[in-house]
Amino acid sequence: MHIRRFRIGEERELFEIFHSAIHLVASRDYTPEQINAWAPASLDQELWARKMRDIKPFVVEIDEKVVGYADVQPSGYIDHFFVSGFHPSQGIGRLLMSTLHSEAVSVGLTELTSDVSRTAQPFFEKFGFCIIERRAPELRGVVVPNALMRKVLQ
């Protein structure tokens with residue numbers, strides 16, 4: 001397993017990870033309507049590519065195949081954190097979270113925050129995040145509940 005920064009041209013691979021994570025894993029905690037609103041197959045790929053270039057995520061590779069990605073913004077906000085639905089429970093998320101923590105500390109951040117799905121909340125809690133607020137954001141006209149979580153860094 002290898003972690004590095006995202007490279008231009010990998011946007012489609014990251015979309016496939018995002019889509020599989022939601023459709024194969026988060027689907028146990030959300031309705032089909034919520035899943036399709038959150039991760040529609042028809043998502044505008046140019047908007048997606050621009051988003052990936054803007055957030056500049058770290059990516060994890062296994063055998064030169066990208067299997068997960070996550071970012072941490074200068075504010076300490078984790079915008080995206082996804083592991084391929086085809087590669088669960090292999091330590092990919094742990095490696096991503098460890099890398100985000102190291103990055104945050106190296107740039108002097110005092111806390112990390114993220115809007116975390118029901119599915120990922122127990123994982124984030126294992127790394128010391130606490131729920132600050134339960135939320136009900138609307139995506140494409142459908143409420144997809146999540147929680148704002150925060151971790152204070154030492």
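Arginine 4 has valine 59 of strand S2 as its bridge partner, one of the 4 bridges that join strand S1 (2-5) to S2 (residues 58-62), two strands that run antiparallel. The model described here is predicted.

**The antiparallel sheet**

- Strands S1, S2, S3 and S5 make up an open sheet of 4 strands, in the order S1-S2-S3-S5 and with antiparallel pairing; S1 and S5 are the edge strands, each of them pairing on one side only.
- On average, and with direction ignored, neighbouring strands of this sheet are turned by 30° against each other.
- Helix H1 (residues 11-25) packs on the sheet, where it touches S2, strand S3 (65-70) and S5, and its direction makes an angle of about 75° with that of S3.
- Strands S2 and S3 pair in the antiparallel sense over 5 bridges, and within this pairing valine 60 has glycine 68 of S3 as its bridge partner.
- Strand S3 is mostly covered, since 5 of its 6 residues are buried.

**The mixed sheet**

- Another open sheet is formed by 4 strands in the order S4-S6-S10-S7, and its pairing is mixed; its edge strands, each pairing on one side only, are strand S4 (77-78) and strand S7 (130-135).
- Strand S4 is joined to strand S6 (residues 111-117) by 2 bridges, and these two strands run parallel; tyrosine 77 has threonine 113 in S6 as its bridge partner.

**Aromatic residues**

- A search of the whole structure finds 11 aromatic pairs, and among them is the pair of phenylalanine 15 and tryptophan 48, whose ring centres are 5.4 Å apart and whose planes stand at 80°, so the pair is edge-to-face.
- Because phenylalanine 15 lies in helix H1 and tryptophan 48 in helix H3 (residues 45-55), this pair ties together parts that are 33 residues apart in sequence.
- Both phenylalanine 15 and tryptophan 48 are buried.
- The rings of phenylalanine 123 and phenylalanine 127 have their centres 4.9 Å apart, with planes at 55°, so this pair is tilted.
- Phenylalanine 123 is partly exposed, with a relative accessible area of 23%, and phenylalanine 127 is likewise partly exposed, with a relative accessible area of 22%.
- One aromatic cluster is formed by Phe15, Phe18, Trp48, Tyr69 and Phe82.

- Serine 84 lies in the loop between strand S5 (81-83) and helix H4 (92-106), and its relative accessibility of 6% is the reason why serine 84 counts as buried, the limit being under 20%.
- A polar atom of the side chain of serine 84 lies 3.0 Å from the backbone nitrogen of phenylalanine 86.
- Not counting residues up to four places away in sequence, serine 84 touches Ile17, Ser20 and Val67.
- Helix H4 has 15 residues and reaches 21 Å from its first C-alpha to its last, which is close to the 21 Å expected at 1.5 Å a residue.
- The buried residues of H4 are Ile92, Gly93, Leu96, Met97, Thr99, Leu100, His101 and Ala104.
- In an α-helix there are 3.6 residues a turn, so residues three or four places apart point the same way.
- Glycine 108 follows H4, and the phi of glycine 108 is positive, near 85°.

**Valine 142**

- Valine 142 is found in strand S9 (residues 142-143) and is buried, with a relative accessible area of 10%.
- Leaving aside neighbours within four places in sequence, valine 142 is in contact with Glu33, Gln34, Ala37 and Pro137.
- Valine 142 and threonine 113 are 29 residues apart in sequence, and from C-alpha to C-alpha they are 24 Å apart in space.

How values were computed: Residues are numbered from 1 along each chain as its sequence is written. This is a predicted model: local features need pLDDT of at least 70, side-chain atom pairs count only at pLDDT 80 or more; totals for chains, interfaces and linings use all residues. Side-chain values use heavy atoms; hydrogens and water are left out. Buried means under 20% relative accessible area, exposed over 50%, partly exposed in between (1.4 Å probe, protein chains only). A polar contact is a pair of N or O atoms within 3.5 Å; within protein, one must be able to donate a hydrogen and the other to accept it, and residues adjacent in sequence count only if both atoms are side-chain atoms. Contact means heavy atoms within 4.5 Å. The expected span of a helix is 1.5 Å times one less than its number of residues. Two strands pair if DSSP finds at least two bridges between them. Axes are lines fitted to C-alpha atoms, for helices over the stretch in contact, and angles run from 0 to 180 degrees between N-to-C directions. Rings of Phe, Tyr and Trp (its six-membered ring) pair if their centres lie within 6.5 Å; planes under 30 degrees apart count as stacked, over 60 as edge-to-face and the rest as tilted.
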